[in-house]
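This report is meant to be read alongside the sequence and the coordinates. Please keep both in view while working through the paragraphs.

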Amino acid sequence: MISVELYRQGRPTVIVERTDDGNLGAWARLQEALARGIESGSPSRTVVHADVFLAELSVLRELRTVFGERIALGPTLSGHLRSMAADRRSREAVVDAGNPDLEALEALEIELAQAGFKRTLRDFQIRNLYRLVSLPHGADFSVPGAGKTTVSLAGYAILRARGIVSRLAVIGPIAAFGAWKEDLVECFHVPPKLIIHAGTATVIPKNTEVLLSNYHRAANDYDAVREFVAKEPTQLVLDEAHRIKRGAAGVHGRAVLDLAYAARRRDVLTGTPAPQGAFDLVALVSFLYPGQDRQILPDATYFEKLGRDESVLIDTNAAVRRYFVRTAKAELRLPETRFEVIREPMPPIQAAIYDALLGQYRSSFILPDRGRHQMQRLGRIVMYLLEAATNPMLLTAGSDDGDDPALVHPPLELHGGERLVDLLARYSSFEEPWKYQRISKIVADAASRNEKILVWSSFVRNLKSLDRRLAEFEPAIVHGGVPSDELAAVDVVTREREFDRFRHDPACTVLLANPAACGEGVSLHHWCHHAVYLDRTFNAGHFLQSQDRIHRLGLADNILTRFTLLLSAGTIDDSVDGRLVEKVTALSRLMDDPDLVQIALPSSDEGLDGAPAFDDDYQAVVAHLADTNARSAE
Amino acid sequence: MNPVIDQERADFLATRVAGAKLQLLPQWMRPEKELPVVNLPVEWVCFSTLNHRTRAEQMRVIMTSGVGDLFNGDPMGQAAQAAQLKILSEQEGFEELKQDLRERGQQEPAVVTAEGVLINGNRRSAGLRNLWLGEGLPSARYVRAYVLPSDATTDELIDLETELQVAKDYREDYSWVNEALLIEEIFESSNKDWDRVASRMRLKPSEVRVQYEKLQQLHQLVAMSNSTRYHADFVANESAFEELSKHVKDKSPAEAASVRSVYFLGTLAGVNYRDLRHLRRKDASSFVRAEFASDPTLTSLLTVVNSTEANATDDLIEDVLGDDRGTADNENADLTSVLSFLAQRKPDEIVPLPGGGEVPIDNLLASVKNAVNAAANEANEDSKDAQAVVVPIVRLTSARDELIRVGTSLAKARSHYDWDEEIFKTRLYEVKAALAHIETL
């Protein structure tokens, strides 16, 4: 006989034990199935992570039918399996239930008011709410600005009134804390008691009803957060949930996936659930339904490479569409956007620098050798090429402390004597980046019309250079090196203060920001209607989220929101552009949101068409390196 | 510890040890690595029944004799020792070993415990005993052996065996099954930590894992046979188990199940692993199932099998999983039923078929072999067709890569004295002509 039990204190773990008369084949089959999650054990015992065990649950069926082995399930595991079975039945029932009629929606509105919720929801929000509360666990993939926070709090109010949960734990980026705090006050007649989890030193009082934490702190102080979630029936909400897309492989992902076991109800909120393709959904579904993701998602979703394959997108969409709600950007009836792509050749010395750089890497990357080391090197090369395409002076500086950790790289290594050294020395005396010149002009023109400009760059050094160059416009600047702290001393520059200065100080007409630090959770649409992208990376999530800072619900109908993309012709800027088109298109397929492509991308007559259609970013860069004509085809 | 030590034997050995010369045994893990070496009568030493080198064979003897504790009830008793000697004498290469001992005698000392049980040198001692008792060869009368201290623990004995096993000279004596059994035992006794197993075996973690994973597949097939097939029967099938366990590792559950059932069935029926290779694909069981359908005997077999099949479906697990089994799962279920049906019967058993007639298991296995072979052929043809579609692209891609290499090597070649620009130009012209031709197609 084989006995199995789940242990939920700390990290969720399953212990499997066999008796002496156990079937050796059954035991072997079980060890094979659990292999990737085995943590420790002895001849008669195996300790395995709960995720892996639940994902391989069907093997128990095999042990019985093929080997005739008896299985004894422990009481905790049985309880957990019963709730999984109930989850399965209720999510399948929702699918059959179809769309709600008007009467049902009205009833829900009344129930919501009785639950102490005072804000009035819009039509699409109440429809989303209806579906979310009828699912055992919910996913809201509505675009930024559609009011996911409000709908989520409405869901909590309903579930609390129905006696299903009595606490709420929200894990999200710090930038979104402000919105949660404001909404809690504005949505409830009696706002629930809120505590902001500031890390391991935080004491969580017993009467806390809502806990607000971020991914990093929740992972570092896992036990305290788990304790809060497990003690009473708790709704656990992940805001900007795409941050866990690396799933169990990432530290943050691992921690929240483990927390999932302690929560009575789980929800994920993100407008960009799959910025890289279908595979990104695996972590989200695993969080909502631990151990059941394989039952929900088709096999092909698990192959990261196929993540933007047409048929995979269709199949994955068909598998998950019933489990999430999405208010598409088009449904918000936002006023229009206009994209302007400015694609210009680089001036001669910059072009020579770019070519020299390209030549240096070309020979080593065109041959089909794709080791891991190569991949890491390639990441660095991408940084250098992006820098060279915008401002070659960044090459010798390396990354800034405030940069997105994903972009950290050393200065370009130069040994002296190369042509590059000579070119770089001449560059600063004879040329300046055309993109900088263009931005200066855009900012100055706007200032003369009393308009404000938002400038995006992924590199903090660009932001700092522009800060000096645009000094007369008193730029506000926000990046990873600017702290987020509302309680900081008056003379400290914080993100919140910079945003406020940009919003309210007439002298400050430009905001310089990087998408990693302020792509999420910030609203600037009342103050600014024109964003300029100095450069972009392969990160489609950043690109989409950054647009939503100025293009969101609440804009007046007559406002045109403009996006200007600056591309150095024939450089990596073109490859990035092509790849972003592909990723956004894939996301629109996955989310049944065809308008996304129109709204969030330049249409083909606004930019260059025939973007390179490569399998992945790696190939796009390698193709760029290999394409000796790229630079001559400007 | 050895709580029950045979005092009489221990005393006998102690008298020999007194005054014996010490010799270095580097693999002994204690700091005192110099141990007494003595000559012991070859009939007096006992074979170790714990030795992993014979584990698979022991499992077979236990099953066929029906004596569950044959080797661990009274390991030094007559029955256990006789069975162990028989196993050792029947292992592959035993005659060659005897010939070597006849010509060169015992080269390295064996290793015995304080009561004279061989930890190392079992096969050589069996060979010497055979030569002394059978041929009266005087040089085979004594076996020279290191004597371990009387307080050596079981753990130390396993460690020593492992150390000696990994020393180069000893490794090849282990069949893959026995080596994998040793790895499994170390894995289970070291808190299932692959790094520890690897360091003890002097192998990489990935290497010990591969052996372990192969063994888990073998355990399953043996268990399905319900004591009619043994681990030792599959020593020759290492490649099939290796390819199977590698293939199913990261596959979807459906594909893993499909490939596993086909591999088991094929291995049981004697299909060569090179043919099975073609069936490493998701639809493997569909291919085999289709061949079953075209063979009347096998179609009848399916009827017989399915009528005896009792499926226990109830409870919680089913409730969680729901009914998500598709056609592929049904085909797998069919094959798994056939598999356990065939595995549980001896080759000479007779199976009555529905609608009269009967057929020996042996013939059924032959039919299964044909069916799996035919399925492998079909699958092979199928993938060749699929490959044919991309052949021109593959060729063109490698040509492109080669041409790029030409560019990078050209400058260096040109600087060379022997460089022939004429030949270079001719080749270049030929390439251009070939390209021009392709473009006209």
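This is a predicted model: local features need pLDDT of at least 70, side-chain atom pairs count only at pLDDT 80 or more; totals for chains, interfaces and linings use all residues.

Residues are numbered from 1 along each chain as its sequence is written, and chains are lettered from A and ligands numbered from 1 in the order in which they are written.

**Chain B**

Chain B has 19 helices and 7 strands, where helices (H or I, at least four residues) and strands (E, at least two) are DSSP runs numbered from the N terminus. The radius of gyration of chain B, 30 Å, is well over the 22 Å that the globule rule gives for 441 residues, so the chain is more spread out than a compact globule; the radius is taken over C-alpha atoms, and the rule is 2.2 Å times the number of residues to the power 0.38. The C-alpha trace of chain B spans about 95 × 85 × 50 Å along its principal axes. An automatic or database assignment supplies the domain bounds, which are tabulated here.

| Domain of chain B | Residues |
|---|---|
| Domain 1 | 7–153 |
| Domain 2 | 175–250 |
| Domain 3 | 389–440 |

Taken over C-alpha atoms, the centres of domain 2 and domain 3 of chain B are separated by 48 Å.

**Contact between the chains**

In chain B, 26 residues are in contact with 35 residues of chain A, contact being defined by C-beta atoms, placed from the backbone, that lie within 7 Å. Helices H10 (205–224), H16 (316–321), H17 (327–343) and H18 (361–414) of chain B each supply at least two residues of the side that touches chain A, and H10(B) gives the most, with 7 residues.

**A sheet in chain A**

In chain A, 6 strands form an open parallel sheet in the order S13-S18-S17-S14-S16-S15, two strands being paired if DSSP finds at least two bridges between them. Strands S13 (337–344) and S15 (476–478) of chain A stand at the edges with a single partner strand each, so one side of each is left without a neighbour in the sheet. S13(A) pairs with strand S18 (residues 561–568) of chain A in the parallel sense over 8 bridges, and A:Val341 stands opposite A:Leu565 in S18(A).

Key:
Two residues are in contact if their C-beta atoms, placed from the backbone, lie within 7 Å.
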